[in-house]
Amino acid sequence: MHFTLARALIAATTISGLATNAANAAPENAGPNTPTTQLPFQSQTVARFDLPWAIAVIDADRLIVTTKPGRMFLVDHKGGAPVEVSGLPKVSHSGQNGLLDVALAPDFAESRRIYFTYVEPGDGGSSLALARATLTGQQGNAQLDDLKVIWRQMPKGRGGQPGGIIAFAPDGKSLFLTSGDRMRPQTAQDPDLALGKVLHLTLDGKLAPGNPNADAGGVRAETWTTGHRNPYGLAFAPDGRLWLHEMGPKGGDELNLIEPGVNYGWPEVSYGDNYNGTPIPKPSTRPEFREPALYWTPVIAPAGLAFYDGDLFPAWKGTALIGGLKTHTLSRVTIKGDAAHEDERFAMQGRIRDVAVAPDGAVWVIEDASPGRLLRLSPR
Ligand SMILES: [Ca+2]
């Protein structure tokens, strides 16, 4: 009992230490976590797609699925086969590029508006684009109307790692968008390029008021945070704070608490090394860059991020669900203050590309494969 008390006192001291020096707290490496095959859920395969990329939940039964080659589908898991949505723009599909994220507008119930991202072809290569459209049609027939590209990354160029994740502010009045470095690492530190950044925009894709450099104009004004490599996860926690994960190079995948004006260090620092084996300075050597809350070496290749707020898995309440492309897993991460801990990692037998939580508490995931499964997870 005394031992427990002593441990509790040490823990309390450590936590207060973290609170006073959050930016420089040494993060935990979750890389050694071992996947469990003792799954607390059953997986129902609802549909299969060619390279599905993102899912957006409409209600307990219906969701939208994008595929990287450029198609979009409506799924009703109590209805028939998926219905293809027509009216999509031409996308540049190659490697990691293609049709990317999809998200319901905050007022979707009334407006039927959706937002989506894709890699747009054009002179000089391709670039990330954010579009908005109205989803119309009945069962068996769906299309996008009033399609408008509301934000474009310029200039166009080459390379994968596009980012492209959309997260709406909790008040529904603005949005956050991740952009990857397109495999040109130094761009992530260039304040005039919308690469390797989190951007904060209005619902019309314009500069959102209150940004840290709102008076600077151009990309600088749109930028919320700097120094990201390839973020495929962005979501608000139940307490209203914004979290992002991003893929590292050889090692050093990161989970980051996103705060305005902060520089997260890529490519100057990383817990990983370059693919050719040359080392990258570690974050502790450059205190001007924010440490991740958690990192993974070896990597999981994180994709998809959703905070569980349902009732079907009571033990998961408030925790983050993260897919692992490389590890074929679904991770569950608990966040306490500014620290994060990977509680468990479920073996999924597939490259998990996105994860979402439905209003009935079921968890939906998709698999990066052709065909790739759309799975509904519910308690055993
Ligand atoms: Ca970093």
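The model is a predicted one, in which local features need pLDDT of at least 70, side-chain atom pairs count only at pLDDT 80 or more, and totals for chains, interfaces and linings use all residues. Residues are numbered from 1 along each chain as its sequence is written, and side-chain values use heavy atoms, with hydrogens and water left out.

I begin with the overall fold. The protein chain contains three helices and 25 strands; these are DSSP runs numbered from the N terminus, helices being H or I of at least four residues and strands E of at least two. Its radius of gyration is 20 Å, close to the 21 Å that the globule rule gives for 380 residues, so the chain is as compact as a globular protein of that length. That radius is taken over C-alpha atoms, and the rule is 2.2 Å times the number of residues to the power 0.38. Along its principal axes, the C-alpha trace spans about 65 × 50 × 40 Å. Of the 380 residues, 54% are buried, where buried means under 20% relative accessible area, exposed over 50% and partly exposed in between, with a 1.4 Å probe and protein chains only.

The largest pocket holds about 1,000 Å³ of space. The elements that give two or more residues to its lining are strand 3 (52-57), strand 7 (99-104), strand 11 (163-168), strand 15 (231-236), strand 19 (302-307) and strand 23 (352-357). In total 39 residues line this pocket, and Ala235, Leu305, Ala306, Ala356 and Val357 lie nearest its centre. By class, the lining has 32 nonpolar, three polar and four charged residues; Ala, Val, Leu, Ile, Met, Phe, Trp, Tyr, Cys and Pro count as nonpolar, Asp, Glu, Lys and Arg as charged, and the others, Gly among them, as polar.

A pocket is an open set of points on a 1 Å grid over the protein atoms alone, with protein on both sides within 12 Å along at least five of seven lines, whereas in a cavity a 1.4 Å probe fits but cannot get out; lining residues have an atom within 4 Å of a point. Points are joined across faces, edges and corners, and a volume is the space filled by probe spheres set on them.

The ion is coordinated by Glu254 (OE), Glu254 (OE) and Tyr264 (O), at 2.3 to 2.4 Å. Glutamate 254 lies in strand 17 (residues 253-258) and tyrosine 264 in the loop between strand 17 and strand 18 (294-296), so the pair ties together parts 10 residues apart in sequence. Both residues are buried. Donors are N, O and S atoms within 2.8 Å of the metal (3.2 Å for Na, K and Ca), and sites may look incomplete because water is not among the atoms.

Strand 15 has five of its six residues buried, and it pairs antiparallel with strand 16 (residues 242-246) over five bridges; pairing requires at least two DSSP bridges. Alanine 235 stands opposite tryptophan 243. In strand 8 (residues 113-122), seven of the 10 residues are buried, so this strand is largely enclosed by the rest of the structure. Strand 8 runs antiparallel to strand 9 (residues 125-136), joined by 10 bridges.
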